[in-house]
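Below is a short briefing on a single protein chain. Please read it alongside the sequence and the structure.

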Amino acid sequence: LECANNNLDSLDVSSNTALTYLNCGGNELTGLDVSSNTALTYLQCNSNELSSLDVSSNTALTNLQCASNNLTSLDVSNNLALTILISRYNPIGSLDVSVNTALTNLTCSNNQLDSLDVSSNTSLTNLSCHHNQLDSLDVSSNTALTELHCSNNQLTSLDVSSNTALTNLICSNNQLTSLDVSSNTALTELICYGNALDSLDVSSNTALTELYCSNNQLTSLDVSSNTALISLFCGSNELTSLDVSSNTALTDLRCNSSNLDSLDVSSNTALTILQCAPNNLTSLDVSNNTALTTLHCFGNQLTSLDVSANLALTRLKCNSNELTYLNMRNGITDALTTFNAANNSNLTC
């Protein structure tokens, strides 16, 4: 039965004992009785107004999705066959999945969990528990994990040394002071911004295509081994230098609000976005970066800037420098959607 995305405020399926699949998401249901539907293997009731959900009779359930409701609790102790549980965006205070050993996907983000025990869920490949109140998370038993999203919690430590299959790790906006990813050689995405990291070793993560480590306390960052990198966000740290000469695949580089006094992007010919403002740069050569569409270099100490070779530019912010020379003769001035060269007191036309 598919009756999703309507205006239903009630749904009676008590006589439909043969139901195996029910999708009633996106309605206005305040209650849902599925106690008679013992054959259900799939139940999707997302985006309703449910304050409670009793699935104790639905022992055949393999897929339960009850996100975006008003659930304060959820009992899945009878649902031993569950492989997928999605309960995000509910005010659930606690969640016991200790008996759900078949789970491969657990998404309990945007709840109010202050603890989460997944030690029994050794089959998990995807765990998303961001935007909760977790101060600890033990994933040492979850060796099958390929995706771990635990951002926006209160974690002070995170041990992923056993999770060698991880390809995506998102642990941003926590209170981490260290992060060891040396064992996670399969990582393609590492997002750890908004922590208190003073060092980060990604030399073993040669498969990385995305690295977001902004808003930490990094004084250095070596990405010479990460030749597959496409996006690098490392702004709001304490970097005085950044070598991206090996990262020729980079299309997006954002190193805003650090202490960089030099930046060489001559090897990064694939760059489409470069944001390096504000820093302490006295020069910036973008003549090789002909694919650039966005250049933000405001708030530096540049005395000259030549964008005559950057024929794809649509956004240029070079304000608040010390420019006396600006070459805009790229023939595409009319294509600009953003242009700011203000607060360069010695720049005249």
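L85 is buried, with a relative accessible area of 0%; buried means under 20% relative accessible area, exposed over 50%, and partly exposed in between (1.4 Å probe, protein chains only). The residue belongs to strand β4 (residues 84–86), where strands (E, at least two residues) and helices (H or I, at least four) are DSSP runs numbered from the N terminus. The C-alpha atom of L85 is separated by 5.0 Å from that of L64, 21 residues apart along the chain.

This is a predicted model, in which local features need pLDDT of at least 70 and side-chain atom pairs count only at pLDDT 80 or more, while totals for chains, interfaces and linings use all residues. Residues are numbered from 1 along each chain as its sequence is written, and side-chain values use heavy atoms, with hydrogens and water left out.

**Overall form**

- The secondary structure of the chain comes to 18 strands and zero helices.
- The radius of gyration of the chain is 25 Å, whereas a compact globule of 349 residues would have one near 20 Å; the radius is taken over C-alpha atoms, and the globule rule is 2.2 Å times the number of residues to the power 0.38.
- Along the principal axes, the C-alpha atoms fill a box of roughly 80 × 45 × 25 Å.
- Of the 349 residues in the chain, 47% are buried.

**Aromatic pairs**

- A pair of aromatic rings is described by the distance of the centres and the angle of the planes.
- Rings of Phe, Tyr and Trp (its six-membered ring) pair if their centres lie within 6.5 Å; planes under 30 degrees apart count as stacked, over 60 as edge-to-face and the rest as tilted.
- The count by this rule is two aromatic pairs.
- Y21 and Y42 form a stacked pair, at 4.3 Å centre to centre and with 5° between the planes.
- Y21 lies in strand β1 (residues 21–23) and Y42 in strand β2 (residues 42–44), so this pair ties together parts that are 21 residues apart in sequence.
- Y21 is partly exposed at 31% relative accessible area, whereas Y42 is buried at 17%.
- Y212 and F233 are also stacked, because their ring centres are 4.3 Å apart and their planes are at 25°.
- Y212 is in strand β10 (residues 210–212) and F233 in strand β11 (residues 231–233), so the pair ties together parts 21 residues apart in sequence.
- Y212 counts as buried at 16% relative accessibility, and F233 is buried with a relative accessible area of 18%.

**Salt bridge**

- Side chains of opposite charge can pair when their charged atoms come close.
- The count is one salt bridge, the term being a side-chain nitrogen of Lys or Arg within 4 Å of a carboxyl oxygen of Asp or Glu.
- The side chains of R254 and D252 form this bridge, with 3.0 Å from N to O.
- R254 is partly exposed, at 25% relative accessible area, while D252 counts as buried at 9%.

**Loops and backbone**

- Most residues other than glycine have a negative phi, and most peptide bonds are trans.
- N110 has a positive phi, near 55°, and is not a glycine.
- N110 sits in the loop between β5 (105–107) and β6 (126–128) and is buried at 18% relative accessibility.
- S236, also not a glycine, has a positive phi of about 55°.
- S236 is in the loop between β11 and β12 (252–254) and is partly exposed, with a relative accessible area of 28%.
- The peptide bond joining A277 and P278 is cis, with omega about -20°.
- P278 is located in the loop between β13 (273–275) and β14 (294–296).
- S35 is in the loop between β1 and β2 and counts as partly exposed at 34% relative accessibility.
- The C-alpha atoms of S35 and N58 are separated by 7.0 Å and lie 23 residues apart along the chain.

**Largest pocket**

- A pocket is found on a 1 Å grid over the protein atoms alone, as an open set of points where a 1.4 Å probe fits, with protein on both sides within 12 Å along at least five of seven lines; lining residues have an atom within 4 Å of a point.
- The largest pocket has a volume of about 170 Å³, the volume being the space filled by probe spheres set on the points, which are joined across faces, edges and corners.
- Its lining consists of T324, Y325, L326, M328, L347, T348 and C349.
- The lining residues divide into five nonpolar, two polar and no charged; Ala, Val, Leu, Ile, Met, Phe, Trp, Tyr, Cys and Pro count as nonpolar, Asp, Glu, Lys and Arg as charged, and the others, Gly among them, as polar.
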